[in-house]
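Please look at the sequence and the model together before reading on.

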Amino acid sequence: MRWLPREHGATVIWLASVVLALLTLPEVPDAIGSAVFALGSLTALLLLAWLTSRSAVLVRLERNPMLTPVLSSPLTLIVPFGRLVMIGDLPPATIGLWLVFLTYTTTGVVYTGDAVRAVVRGSSPGWGLLLLSAAFVVAMALVLSAVGWLPTASLVIVVPLLAHRLAAGPSRAFASLPRPQRIRRLGVAQSANMLAAAVLLAAVLRL
């Protein structure tokens, strides 16, 4: 049995969700809550690893651009789950934080998949889908800020998304790389992007 999903992005989403859940805790949790959180989050990762261990699932992931976010984005539920089992409450700020992170993750997965397909076709990723993704994230952050669930500073989350795009090109240096290296660079940029978003959101919540 595989311990990690074959879809690398799902593992990154899981890790970023765990990091975000832990960084936003207002206090050190007790041993029982920590154990329940560890067991629940690891079970979610192993379940996704089992689902993606089948070649038929991988084929569907490649052919259907919407299937990957459907499978991987629910991993962000680790954030409210962690708060609930380790602290025992679920304040509006945590729900708002999760909604922004969920929007960020879902749109980011769609954009990254489109960028990888562009690289496979031999072209550089475009800006259109990225800007649409950023618009969704900004809209969600503004709505939650308007109702008082998150500070307006949560808009800073779009920074790593744009930085991810700059790291992926288009540039002559990026276009000159062999296809496997371009795809690998996209994966590394997406990993850094997700972890940076988690850290930024945790910092915003503590403002």
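The chain exposes about 10200 Å², and carbon and sulfur atoms supply 71% of that area (accessible areas come from the Shrake-Rupley method with a 1.4 Å probe, and for residues only the protein chains shown count as cover). This is a predicted model, in which local features need pLDDT of at least 70 and side-chain atom pairs count only at pLDDT 80 or more, while totals for chains, interfaces and linings use all residues. Residues are numbered from 1 along each chain as its sequence is written, and side-chain values use heavy atoms, with hydrogens and water left out.

The secondary structure comes to 10 helices and 0 strands, where helices (H or I, at least four residues) and strands (E, at least two) are DSSP runs numbered from the N terminus. Of the 207 residues in the chain, 40% are buried, a term that stands for under 20% relative accessible area, with exposed meaning over 50% and partly exposed in between (1.4 Å probe, protein chains only). Among the contacts with a separation of 6 or more, 76% are between residues 24 or more positions apart; contact here means heavy atoms within 4.5 Å.

The axes of helix α2 (residues 31-51) and α5 come within 8 Å and cross at roughly 155°, where axes are lines fitted to C-alpha atoms, for helices over the stretch in contact, and angles run from 0 to 180 degrees between N-to-C directions. That angle makes α2 roughly antiparallel to α5, because angles over 145 degrees count as roughly antiparallel, those under 35 as roughly parallel, 65 to 115 as roughly perpendicular and the rest as oblique. On the α2 side, Gly33, Ser34, Val36, Phe37, Gly40 and Ser41 take part, and they meet Ile78, Phe81, Gly82, Val85 and Met86 in α5. By class, this contact of α2 with α5 has 6 nonpolar, 5 polar and no charged residues (Ala, Val, Leu, Ile, Met, Phe, Trp, Tyr, Cys and Pro count as nonpolar, Asp, Glu, Lys and Arg as charged, and the others, Gly among them, as polar).

Helix α5 also packs against α6. The axes of α5 (residues 78-86) and α6 come within 9 Å and cross at roughly 160°, which makes α5 roughly antiparallel to α6; this crossing, too, is right-handed. Val79, Pro80 and Arg83 in α5 meet Thr94, Leu97, Trp98 and Phe101 in α6, and the classes in this contact are 5 nonpolar, 1 polar and 1 charged. Within α5 the buried residues are Ile78, Val79, Pro80, Gly82, Arg83 and Met86, and the helix is followed by glycine 88, whose phi is positive, near 95°.

Helix α6 (residues 92-120) and helix α10 (residues 179-205) pack at an angle of about 170°, with their axes 11 Å apart, and that makes α6 roughly antiparallel to α10. Residues of α6 including Leu97, Phe101, Tyr104, Thr105 and Thr112 meet residues of α10 including Leu186, Gln190, Asn193, Met194 and Leu201. By class, the contact of α6 with α10 has 16 nonpolar, 5 polar and 2 charged residues.

How buried is threonine 105? Threonine 105 lies in helix α6 and has a relative accessible area of 0%.

Not counting residues up to four places away in sequence, threonine 112 touches His164 and Gln190, while the C-alpha atoms of threonine 112 and alanine 189, 77 residues apart along the chain, are separated by 9.8 Å.

Asparagine 193 is found in helix α10 and is buried, with a relative accessible area of 2%. With residues up to four places away in sequence not counted, asparagine 193 touches Tyr104, Pro160, Leu161 and His164.

Terms used
A crossing is left-handed if the near helix is turned anticlockwise from the far one by less than a right angle, and right-handed if clockwise.
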